[in-house]
Amino acid sequence: MEETQDREMVVLNIKTVGVVGAGTMGSAITEVMALNGYSVVLKDISDQLLERGKRNIERILTHLVEYHERRAPEEIKRIESLGIKLTEEQIETVRNALRPAYDRSTISQTIERIRFTTAYSDMDGCDVVIEAAFEKPEVKKEIFRELDKHLGDEAIRATNTSSIPITSLASSIKNPGLLLGTHFFNPPYTLPLVEVIPGLQTEERVVNEIISFLKNLRNHRRQMLPIRVKDSPGFVVNRMIVPAQNEACFILQEGLATAKDIDEAMKAGAGWPMGPLELADMVGLDIAYDVAAMLYNEFGDPKYRPPTLLKRMVEAGYLGRKTGRGFYEYG
Ligand code: NAD
């Protein structure tokens, strides 16, 4: 009972969410927050990048609405394909049971909750800010220093870093007790996991508040699932994904198999839902490279060394889906 009361009290504390970076993750995190009814202030460095982020949010919402619109007709078609002729009444029952939870108005209503800006000063009313900019410690530290000038003394500072130690980022702000990691997965509207990482100095109430906040969010499929992880490079998931992704790249580099066959092998032979190279293209090869380099630097273990092929592809601007070319080409 006490826990429920705490949770309700805690959730009320967060009304406005800030997100820094309108790229792959920042725009998708913004969509989840706004769809859950929060006001969101989304910041990037140019109007053009904000416009790209907005288009991505519209695309994600359109997919959600179309999925809901398709459910009833597809179910009716499926039943009839089994040779069963449904009566009008039965069709109506299916339609009622699978009535869309979202419709076209969801798109505009969700977008209206988002304020797009290039100014840190617009984030002054945020109760929590999630930073999702480039995976470079200096970029992130500078963002937190800027936020310090505008955020309230109680506002929580969270970072979506995949690999940078939280304690080192916290050293850039006035009150390191307010900063922690909230590592969302790509794409957050379907993957519910969030690794919550306190730094050495993070206050316990900040950790609890964020965990309660995240637990109360729903993505397109289910409730978000925060897990608490100690501050160690790569946290839990990337510690395992990075060596696998690197190895897939080395296998390709050595010419043992094609990219498609490497991915097919892991799907058909290991039960992975996606191949490691497809996943790297979705994550962004620049991000994949930066994360591997950071883990290698932190642990000094050669299993994390970034493959030369990955480096060359990043230099060539082949960053995966976001640039239309990575291990695969995208139309
Ligand atoms: P991205 O390159 O798609 O987007 C980064 C955005 O940040 C860009 O739009 C850039 O203009 C913006 N930016 C840079 N400096 C800024 C500043 N000072 N103010 C405002 N905006 C700024 O990167 P991404 O893939 O979205 O990754 C963002 C973060 O999330 C990284 O730390 C990454 O490690 C982490 N992450 C990425 C994934 C993934 O699959 N891509 C998954 C989990 C975590």
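Student: Which residues does Thr 167 touch, not counting residues up to four places away in sequence?

Tutor: Keep in mind that this is a predicted model. Thr 167 touches Gly 199, Leu 200, Gln 201 and Asp 231, and Thr 167 itself lies in helix H7, residues 166-170.

Student: How do you know whether Gly 234 is buried or exposed?

Tutor: Gly 234 has 23 other C-beta atoms within 10 Å, and the cut-off for a buried residue is 20 or more, so Gly 234 is buried. Gly 234 lies in the loop between strand E8 (225-228) and helix H9 (237-253). Leaving aside its neighbours within four places in sequence, Gly 234 is in contact with Ser 163, Arg 239, Val 242 and Leu 295. Gly 234 and Ala 292 are 58 residues apart in sequence, while their C-alpha atoms are 8.9 Å apart in space.

Student: What is the sense of the peptide bond from Asn 186 to Pro 187, cis or trans?

Tutor: That peptide bond is cis, with omega near 0°. Asn 186 has its place in the loop between E6 and strand E7 (193-198), and Pro 187 lies in the loop between E6 and E7 as well. With 16 C-beta neighbours inside 10 Å, Asn 186 falls between the limits of 12 and 20, and so Asn 186 counts as partly exposed. Not counting residues up to four places away in sequence, Asn 186 touches Thr 24, Met 25, Met 282 and Val 283.

Student: Which residues are the closest to the ligand?

Tutor: The closest are Gly 21, Gly 23, Met 25, Asn 186 and Val 283, and 28 residues surround the ligand. By class, this shell has 14 nonpolar, ten polar and four charged residues. Helix H2 (24-35), H6 and strand E6 (179-184) each supply at least two residues of the shell, and the largest share, three residues, comes from H2.

Student: Why is the ligand shell said to lie between domain 1 and domain 2?

Tutor: Domain 1 (2-57 + 109-228) and domain 2 (237-323) both give residues to the shell around the ligand, so it lies between them. The centres of the two domains, taken over C-alpha atoms, are separated by 27 Å. The contact takes seven residues from domain 1 and eleven residues from domain 2. On the side of domain 1 that touches domain 2 there are, by class, one nonpolar, four polar and two charged residues.

Student: What makes a right-handed β-α-β unit with E4 and E5?

Tutor: The unit is made by E4, helix H6 (residues 137-150) and E5. E4 and strand E5 (residues 156-159) pair in the parallel sense over four bridges, and Val 128 stands opposite Ile 156 in E5. The crossover is called right-handed because, with the strands pointing away from the viewer, the path from the first strand over the helix to the second runs clockwise.

Student: How do you know that strand E1 (residues 16-20) and E4 pair?

Tutor: Two strands pair if there are at least two bridges between them, and E1 and E4 have four bridges, in the parallel sense. In E4, the bridge partner of Val 20 is Glu 131.

Student: Which way do the residues of strand E4 (residues 128-131) point?

Tutor: Val 128 and Ile 130 point one way and Val 129 and Glu 131 the other way, and all are buried. In a regular strand the side chains alternate between the two faces of the sheet.

Conventions: Residues are numbered from 1 along each chain as its sequence is written. This is a predicted model: local features need pLDDT of at least 70, side-chain atom pairs count only at pLDDT 80 or more; totals for chains, interfaces and linings use all residues. A residue is near a molecule or strand if its C-beta atom, placed from the backbone, lies within 6 Å of it. Ala, Val, Leu, Ile, Met, Phe, Trp, Tyr, Cys and Pro count as nonpolar, Asp, Glu, Lys and Arg as charged, and the others, Gly among them, as polar. Domain bounds come from an automatic or database domain assignment. Two residues are in contact if their C-beta atoms, placed from the backbone, lie within 7 Å.
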